[in-house]
Amino acid sequence: MSYNPIIQKTIHYIENHLQTDLSLDRIARQAGFSKYHYHRIFLREVGVSISEYVRYRRIANSATLLLYTDEKIIDIALFYRFESQESFTRSFKKYYHLPPGQYRKIMSKLLFQKEEMKLKNDQLLKGWQLSGSHPFHYEMGIDREIFHKGQASGYLKSVTVEEVGEFATMMQEFKADKYLGKRLKLSGFIKSKGVDGFCGLWMRVDDHLQDVLQFDNMSDRPIKGDNEWNHYAIVLDVPENSAVIAFGVLLSGKGHVWVDEITFEEVDHNTPTTNLEFTSELLDEPINLSFEE
């Protein structure tokens, strides 16, 4: 059974209620599970407990307010449901290794210096390349104001898209050697704005002849329009004759997509794959040879 739709429903609820009470009981009721069962599901699918997820999302949003507003630290702490400035400071230091006041002071100076340097996108995004049908109509880079966790996210946005069907991807490739014969799960968090085509994660497994063995680009569960951060996953088998695994985030048409916290993990064969089948039904014999039908 795939729990991904239920996880996405839960995260959607969390993202829209970060300023309210988010107890495990309340979240589990939204998902329709007992709190103990859903705690196990969420931890297995996302990699952290529900309480930890809520805490770091509140801290990440707090970090943005510290850098891009003049709000008082105590007001930010109370806004995100911390009991006091002291408890907020303890939690903040766990993730950023600095108290909120020092973080605001130090990181504001660093951000200013980075903006002044105006580094190119390929320098900013080490390891990533821009590809697709019309990559020159898109831009990729790092966003230090909008992120899911930590201090930055990657983004891909349209700049001069002219026709329906144009797309671009920020992508990587790596050798399949370590994963031969295994089932591999790619997951990450995506946020979108104004996507008029679709966007999503994608992954492809090729052999030595560059033939596609497994592929999924979420075209059967596309992300469209405006969406807050949510968790998405692709699961593919890596056959023994695999050579290369390629992956990334795809944007078709106009819009803006952010991606953060991409992870790979081996999963057991009880986890269903999301491989897109492109095989068509084979006819018993040829038909309509005179083109009259």
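Helices (H or I, at least four residues) and strands (E, at least two) are taken here as DSSP runs, numbered from the N terminus. The model is predicted, and local features therefore need pLDDT of at least 70, side-chain atom pairs count only at pLDDT 80 or more, and totals for chains, interfaces and linings use all residues. Residues are numbered from 1 along each chain as its sequence is written, and side-chain values use heavy atoms, with hydrogens and water left out.

Arg55 is partly exposed at 29% relative accessible area, whereas Glu52 counts as buried at 17% (buried means under 20% relative accessible area, exposed over 50%, partly exposed in between, with a 1.4 Å probe and protein chains only).

Across the whole structure, the search finds 13 salt bridges. One of them joins Glu266 to Lys182, the closest N and O atoms being 3.7 Å apart. Glu266 belongs to strand β9 (residues 256-267) and Lys182 to strand β5 (residues 182-207), so this pair ties together parts that are 84 residues apart in sequence. Both partners are partly exposed, Glu266 with a relative accessible area of 48% and Lys182 with 29%. Another salt bridge, between Glu228 and Lys191, has its closest N and O atoms 3.0 Å apart. Here too distant parts of the chain are linked, with Glu228 in strand β7 (residues 223-238) and Lys191 in strand β5, 37 residues apart. Glu228 is partly exposed at 37% relative accessibility, while Lys191 is buried at 14%. Arg44, Glu45 and Lys185, in turn, are linked in a network of salt bridges.

Lys191 also meets an aromatic ring: its charged end sits over the ring of Trp258, 5.9 Å from the centre. A charge sits over a ring if NZ of Lys or CZ of Arg is within 6 Å of the ring centre and within 35 degrees of the ring normal. Lys149 likewise lies over the face of Tyr56, at 4.4 Å from the ring centre.

Tyr56 leads on to the aromatic residues, as one aromatic cluster is formed by Tyr3, Phe33, Tyr38, Phe42, Tyr53, Tyr56, Tyr95 and Phe189. The structure holds 18 aromatic pairs (rings of Phe, Tyr and Trp, the last by its six-membered ring, pair if their centres lie within 6.5 Å; planes under 30 degrees apart count as stacked, over 60 as edge-to-face and the rest as tilted). The rings of Phe33 and Tyr38 have centres 5.6 Å apart and planes at 20 degrees, so this pair is stacked. Phe33 is partly exposed at 23% relative accessibility, and Tyr38 is buried at 0%.

Helix α2 (residues 24-31) has Ile27, Ala28 and Ala31 among its residues, and these three are buried. Seen down the helix axis, the buried residues of α2 fall within an arc of 100 degrees, so they line one face of the helix; the arc is that of the directions from the helix axis to the C-beta atoms. Their cover includes α1 (4-15), α3 (35-46) and α4 (50-68). After α2 comes Gly32, with a positive phi near 85 degrees.

Methods. Contact = heavy atoms within 4.5 Å. Salt bridge = Lys/Arg side-chain N within 4 Å of Asp/Glu carboxyl O.
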